[in-house]
Amino acid sequence: MNDQTRRTLVLLGVLGLLAGLVFLAHAVEPMLAGDLATIGAGGDADTGRALNGVTLSLGFLLLGSWLLGEIVSPFGLPRVVGYLVFGVLAGPGLLPALGLPAPVAANELELLRKLDALAISLIALVAGGEIKVAFLRGMLGRIATLLATQVGLILFGVGVVAFFLVLPMVPSLSGLPTPAAIHLSLVAGLLCVANSPAIVIAMIAETGARGPMCDTALAATVSKDLVLVVLLTIMLAFVPIAFGSADDGGSGGGLVGEAVWHLAGSIGFGVVVGIAMHFAATKIEKRIDVFIVLCGFAIAFASDALHLAPLLVALVAGFTQANIWPERSERMFHSIETLLLPVYCVFFATAGAGIRIDAVLALWPVALLLVGSRLVLVWAGTTAGAKLARLDPGIRPWIWTAFTPQAGVAIALANEVAKAIGDRPFVPDLAALFLAAIAINEVLGPLLMKWGLQRAGETPSASAAG
Amino acid sequence: MTTPLLLAAAAEGATRVLAVFVGIAVVGAAATFATTRLYARLQRQRWVAAFTAGGWFATIAGVLIGPRVLAAVEGDALLALRPILGIALAWIGLIVGLQLRRTLVAAIPPNLVRWLVRDSAVAGGVGVIVAACWWWTGHADQPISIVGPAAMVIVVAFLGWAPETRTLRADLTPGTVAPAQQVQAGGGLGAILAIAAVGLAMPVLQAAGDGSATRGAVIAALEPVLAIGTALLLGLGARLLLRRTAGRESEALVITLALVFLSAGIANELGFSPLVSGMLAGAVIANLRDPHLRDLERSLQSAEPGMAVLMLLSCGSLAAEAHAGEAIVLGLAIAGLRLVLKPIVARTALRRAFPDLEERDPLTLGPARLPMIAIAIAVGPVLATGDGSAATVLAGVMIALLLGAIAPALAGRRRASSDTPSPGVAA
């Protein structure tokens with residue numbers, strides 16, 4: 001038995017022990033904690049139990065996902081996939097469907113989701129620090145060309161597939177009036193445009209990849225978020241027209257105002273946060289990691305209060321610091337990188353736990369059709385865009401893989417769309433379909449991206465082999 | 001309703017956002033200032049050090065952001081404090097437990113043990129009387145499962161003392177180094193004693209509050225066994241994993257955080273204090289004698305000031321539910337009785353061990369100060385029951401801690417000035 005096998009067996013053993021400990025704790029909890037668990041939350045039994053169990057779930061997801069990431073890594077799989085799969089296994093979707101209790105209950109998961117904004121803030125701070133003005137200045141036109149081609153092709157391509165194939169396959173969506181069907185098809189296209197900045201950053205960090213594909217993919221993914229906010233606002237403005245109801249979707253002016261505030265407010269606030277963080281960091285002698293976590297909380301908290309996008313705020317804050325004070329901000333970015341591993345573990349495991357297994361099981365053929373057409377169109381749109389934008393020929397065949405993973409942004413868009421359309425009878429099926437497709441992309445995307453980075457020769461192992 | 005709350009009611013969203021921002025700014029500015037060189041310089045001043053050690057600044061910031069003033073932390077955010085504080089408690093428990101290394105325990109001088117036993121008997125006895133008076137004056141009709149843990153906090157607030165001596169005697173002489181070390185060591189041991197008392201008392205109180213005697217007995221017997229079993233499993237698991245990380249900082253951080261979260265989570269789930277489960281896990285880690293675990297110990301201990309600040313900030317907000325008058329009376333009683341009793345016991349113990357020590361040395365006033373662990377213990381019943389009487393006891397302990405931090409220093413200063421001969425007499 002070699003060292004690697006022994007290590008894998010030890011990690012599997014610890015994972016088994018951990019799962020046993022959590023199941024045992026859940027089994028004896030009703031007897032030992034009793035009513036004490038519920039009275040702290042003002043008598044609300046569900047909230048009390050969730051508050052009681054959330055810390056154990058957090059520890060379980062953190063350690064379990066890290067262990068599974070380490071176990072799958074020697075088999076060539078990205079660790080992120082391990083984190084996501086552990087979330088699926090531990091979450092309230094899979095085991096209850098098999099008649100077993102879930103280690104992480106749905107209401108505990110809801111509480112853990114509140115940590116997403118903190119995780120996104122920290123991930124985006126690093127991402128912002130990676131984008132350099134000099135690179136953007138030279139690449140802005142090319143990124144715009146790449147995105148215009150990619151977004152256009154996916155939006156309309158998926159729209160056509162959804163209109164003629166996907167919607168007719170779902171009984172509750174097959175009989176919709178034409179304007180509503182066209183609108184929903186374009187919404188499906190918009191959701192397929194979205195990809196995950198968090199997974200892109202995590203995959204670049206995990207593989208240690210460096211090169212033009214990483215830089216271009218990161219800058220394009222981040223810029224695409226701005227495009228998505230604008231496109232979503234336009235889509236939502238058409239809800240009353242598409243569904244024939246004047247009281248849906250809010251006023252056009254209101255939506256435009258909200259979008260402008262979302263974009264301009266986030267960018268402006270991000271600059272302020274970046275400058276404030278820099279000056280505070282220069283005064284700090286020790287424990288800069290604690291300061292960074294506090295800043296992450298502050299960004300998450302303030303963005304929520306002001307209806308801003310934490311991702312954009314933190315991204316601009318990181319960008320501001322890295323580009324105005326490149327040398328002096330190095331210490332801070334190094335500290336954030338150390339903190340990122342636990343953040344990734346919890347963030348991706350929580351995302352995995354949130355995957356609606358029932359939706360995937362019920363709608364997998366339709367979801368697979370949507371995923372398949374998205375993959376083809378991402379490949380076609382990105383490769384064509386890369387050619388038009390005259391990107392480095394070495395990355396043109398592979399850069400599309402970086403746009404395949406989906407996670408938080410796509411889920412947020414799906415939820416936003418479902419909320420805007422209201423309580424019409426087909427909305428649960430529509431939301432389930434979108435979430436099922438996102439779930440498949442969530443697990444498949446990192447695998448494709450790792451493969452793409454290796455083929456483009458940007459990972460250390462590929463560079464060494466080359 | 002305070003002025004900011006009235007404004008919030010009038011202008012709703014905008015004022016609420018402003019309050020949140022002021023709250024963030026208060027905490028952010030305080031946290032940043034605490035890491036600056038200027039603050040480090042100010043800390044050399046005896047009075048600033050006394051205020052800091054007593055947690056005055058963090059407590060005031062906590063009250064400012066709490067529901068009664070800025071209301072930046074209220075409602076859902078206040079509920080979210082429950083798991084966060086559980087984590088902080090487990091972390092503090094781990095730090096305390098790390099002191100329980102066999103070699104250190106074996107090196108405890110017998111006279112220190114005698115001092116602690118005598119001090120705990122006298123102060124604990126007075127604590128029981130104070131707790132009984134508190135129960136009798138307005139809490140006798142509350143169920144034991146609610147009022148029992150709060151009364152236990154009052155008793156525990158009389159045990160142990162703060163392990164800090166610098167603010168009492170900045171200028172240690174060869175004759176005072178050893179007594180100062182004994183005061184510090186006694187503070188550390190007192191914390192262990194207080195947590196152990198909670199660990200033993202909580203299952204009994206829970207059992208007493210339970211309707212069924214059999215079920216109560218099972219709980220009382222099972223909880224310590226489960227707590228020890230979990231601690232062993234977590235300690236051994238952490239060692240096994242740390243040996244496989246090859247010193248990588250980010251992986252060691254995952255294991256450290258998981259250890260703390262699991263310690264706190266299992267304690268929450270099984271109904272015992274995260275302080276106890278943390279302390280037991282810390283004791284296991286300290287006694288495994290593995291070089292890989294030294295890094296874990298260092299990273300756990302390095303977060304001690306941060307955890308203390310988090311605890312005090314949160315307590316400032318949690319104490320908003322307290323009955324102010326009752327809390328002040330309780331705080332004054334705890335601080336006053338400690339100031340009277342503890343120095344008498346300390347003087348006897350220290351003079352016996354160190355005959356050269358002056359009878360009225362300021363070091364003998366050290367044990368009058370409440371240890372920070374008293375706050376951590378007082379938070380437990382507030383989190384577990386969410387009851388106003390538990391919040392009142394928490395506020396009382398906080399007031400006693402704040403007063404205790406400066407009162408001995410003040411008494412020591414007066415004593416020093418009264419001992420110094422006037423220039424005329426000297427001439």
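Let's start in chain B. Helix H11(B) passes helix H13(B) in a right-handed crossing. Keep in mind that this is a predicted model.

Where are these two helices? H11 of chain B covers residues 249-270, and H13 of chain B covers residues 291-302. Their axes are 10 Å apart, and they pack at an angle of about 65°. That makes H11(B) roughly perpendicular to H13(B), because angles of 65 to 115 degrees count that way.

Which residues of H11(B) and H13(B) meet? From H11(B), look at B:Thr256, B:Leu259 and B:Val260. From H13(B), look at B:Leu296, B:Ser299 and B:Leu300. By class, this contact has four nonpolar residues and two polar ones. No charged residues take part in the contact of H11(B) with H13(B).

Now step back to chain B as a whole. Chain B has 18 helices and zero strands. Chain B has 427 residues, and 51% of them count as buried. Its accessible surface comes to about 17800 Å². Carbon and sulfur atoms account for 69% of that surface. On to contacts along the sequence. Take the contacts in chain B between residues at least 6 apart in sequence: 83% of these join residues at least 24 apart.

Next, chain A. Here the pair is H12, residues 212-237, and H19, residues 408-421. Their axes are 11 Å apart, and the packing angle is about 10°. H12(A) and H19(A) are therefore roughly parallel to each other. The cut-off for that word is an angle under 35 degrees. The crossing of H12(A) and H19(A) is right-handed.

What does each helix bring to this contact? H12(A) brings A:Asp225, A:Leu228, A:Leu232 and A:Leu236. H19(A) brings A:Val409, A:Leu413, A:Glu416, A:Val417 and A:Ala420. By class, the contact of H12(A) with H19(A) has seven nonpolar and two charged residues, with no polar ones.

A:Arg390 lies in the loop between H18, residues 357-388, and H19 of chain A. What is phi of A:Arg390? Phi is near 55°, a positive value in a residue other than glycine. Is A:Arg390 buried or exposed? A:Arg390 has a relative accessible area of 65%, so A:Arg390 is exposed, the cut-off being over 50%.

To recap the two pairs. H11(B) and H13(B) are roughly perpendicular. H12(A) and H19(A) are roughly parallel.

Conventions. Residues are numbered from 1 along each chain as its sequence is written. Chains are lettered from A and ligands numbered from 1 in the order in which they are written. This is a predicted model: local features need pLDDT of at least 70, side-chain atom pairs count only at pLDDT 80 or more; totals for chains, interfaces and linings use all residues. Side-chain values use heavy atoms; hydrogens and water are left out. Axes are lines fitted to C-alpha atoms, for helices over the stretch in contact, and angles run from 0 to 180 degrees between N-to-C directions. Helices (H or I, at least four residues) and strands (E, at least two) are DSSP runs, numbered from the N terminus. Angles under 35 degrees count as roughly parallel, over 145 as roughly antiparallel, 65 to 115 as roughly perpendicular and the rest as oblique. A crossing is left-handed if the near helix is turned anticlockwise from the far one by less than a right angle, and right-handed if clockwise. Contact means heavy atoms within 4.5 Å. Ala, Val, Leu, Ile, Met, Phe, Trp, Tyr, Cys and Pro count as nonpolar, Asp, Glu, Lys and Arg as charged, and the others, Gly among them, as polar. Buried means under 20% relative accessible area, exposed over 50%, partly exposed in between (1.4 Å probe, protein chains only). Accessible areas come from the Shrake-Rupley method with a 1.4 Å probe; for residues, only the protein chains shown count as cover.
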